[in-house]
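Dear colleague,

My notes on what was found in it follow directly after.

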Amino acid sequence: MALIQCSFFAQTLGLNVGMNVVIPERSYGIGVEAGGAQSGDKYPVLYLLHGLSDDHSIWLRRTSVERYSAEYGIAVVMPEVHRSFYTNMKSGLDYWTFVSEELPHVAQSLFPISGKREDSFAAGLSMGGYGAMKLGLRAPEKFAAVASLSGAMDILAFDHEGSPLADKEYKWIFGSKEEAAGSDDDLFALAERAAAAGVSLPKLYQCCGTEDFLYSQNVRFRDHVRSLGIALDYEEGPGDHNWGYWDEHIQRVLAWLPLQGRNV
């Protein structure tokens, strides 16, 4: 895989941001098994999102995602979004517009990656799991599959379930709880609207460790989505909110993705 460490000016945000990208090559060297698309193709792409306290470098630093993705011939785009919750913030910048519109456009213009829905996927951990699921529910026409690992699924529960956000930071991002409830940042409401409208959703995957402080949120979201008749691949088992769990489960996500004609 080729690793590109990139900084670019995000017009949506009005500032420079970082992005790490791994791109398949025809030959990966000793000890790495190549697979999937061949050089010269537009490669399928996974937009891989970071959590609240991390940045665009973290997936490469804490896992072997570059090696894992080589087997499937898939590019991986890892953007920087700070502590934004992938949201057009009430008192801040438009990170939802950035990640859902500008980021794919920039990545496709700079690198040989596909813009087709059937080749586009999103995944993330914690805050990034929330962001990936929001991409799937709010921009379903752009993604074939999305995956949440230990996602912060219920933004209305942060006040009583180990909130990662201080009150003032929550208000900067979402406004009041009353404003957040039923909004386009509320995953439960997004699922309800998608089901009512009969939207063709991407494949959905969700996992969480049973010792994770976000476990109860994940169970509620699973039950809510299934009650609406929305298909969801769900996994749970022993595990906490840590990189051992996410390193294992990003490998499962890559194996689960509906890649077209993959060579595995």
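In this predicted model, the largest nonpolar core comprises 61 residues, and the members that touch the most others in it are F85 and F98. The element that gives the most to this core is helix α3, residues 95–110, which supplies seven residues. A further core of 31 residues lies apart from it, and its members include M78, A144, Y245 and I250.

Leaving out residues up to four places away in sequence, F85 touches L52, M127, Y130, K134, A152, F158, L165, I173 and F174. With a relative accessible area of 1%, F85 is buried.

Aromatic rings

The structure holds eleven aromatic pairs. One of them joins F8 and F98: the ring centres are 6.2 Å apart and the planes stand at 25 degrees, so this pair counts as stacked. Because F8 belongs to strand β1 (residues 2–10) and F98 to helix α3, the pair ties together parts that are 90 residues apart in sequence. As to accessibility, F8 is buried at a relative accessible area of 8%, and F98 is buried at 0%.

A second pair to examine is that of F85 and Y130, which is edge-to-face, with 5.4 Å from centre to centre and 65 degrees between the planes. This pair, too, links distant parts of the chain: F85 is in the loop between β4 (75–79) and α3, while Y130 is in helix α4, and the two are 45 residues apart. Y130 is buried, its relative accessible area being 0%.

F85 and Y130 also belong to a cluster, in which ring pairs link them with F158, Y170 and F174.

Helix α7

Helix α7 spans residues 187–197, and its buried residues are L187, F188, A189, L190, A191 and A194. Which elements cover these buried residues of α7? Among them are α4 (127–138) and α8 (215–227).

Both ends of α7 can be described. At its start, the backbone nitrogen of F188 has a side-chain oxygen of D186 within 3.0 Å. After the helix comes G198, which has a positive phi, near 65 degrees.

Residue S69

The last item concerns a serine, S69, found in helix α2 (residues 65–70). Is S69 buried or exposed? S69 is buried, with a relative accessible area of 0%. A polar atom of the S69 side chain lies 3.1 Å from the backbone oxygen of E66. When neighbours within four places in sequence are left aside, the contacts of S69 are M1, V22, I74, V76 and L254.

With kind regards

How values were computed
Residues are numbered from 1 along each chain as its sequence is written. This is a predicted model: local features need pLDDT of at least 70, side-chain atom pairs count only at pLDDT 80 or more; totals for chains, interfaces and linings use all residues. Side-chain values use heavy atoms; hydrogens and water are left out. A nonpolar core is a set of buried Ala, Val, Leu, Ile, Met, Phe, Trp, Tyr and Cys residues joined through side-chain atoms within 4.5 Å. Buried means under 20% relative accessible area, exposed over 50%, partly exposed in between (1.4 Å probe, protein chains only). Helices (H or I, at least four residues) and strands (E, at least two) are DSSP runs, numbered from the N terminus. Contact means heavy atoms within 4.5 Å. A polar contact is a pair of N or O atoms within 3.5 Å; within protein, one must be able to donate a hydrogen and the other to accept it, and residues adjacent in sequence count only if both atoms are side-chain atoms. Rings of Phe, Tyr and Trp (its six-membered ring) pair if their centres lie within 6.5 Å; planes under 30 degrees apart count as stacked, over 60 as edge-to-face and the rest as tilted.
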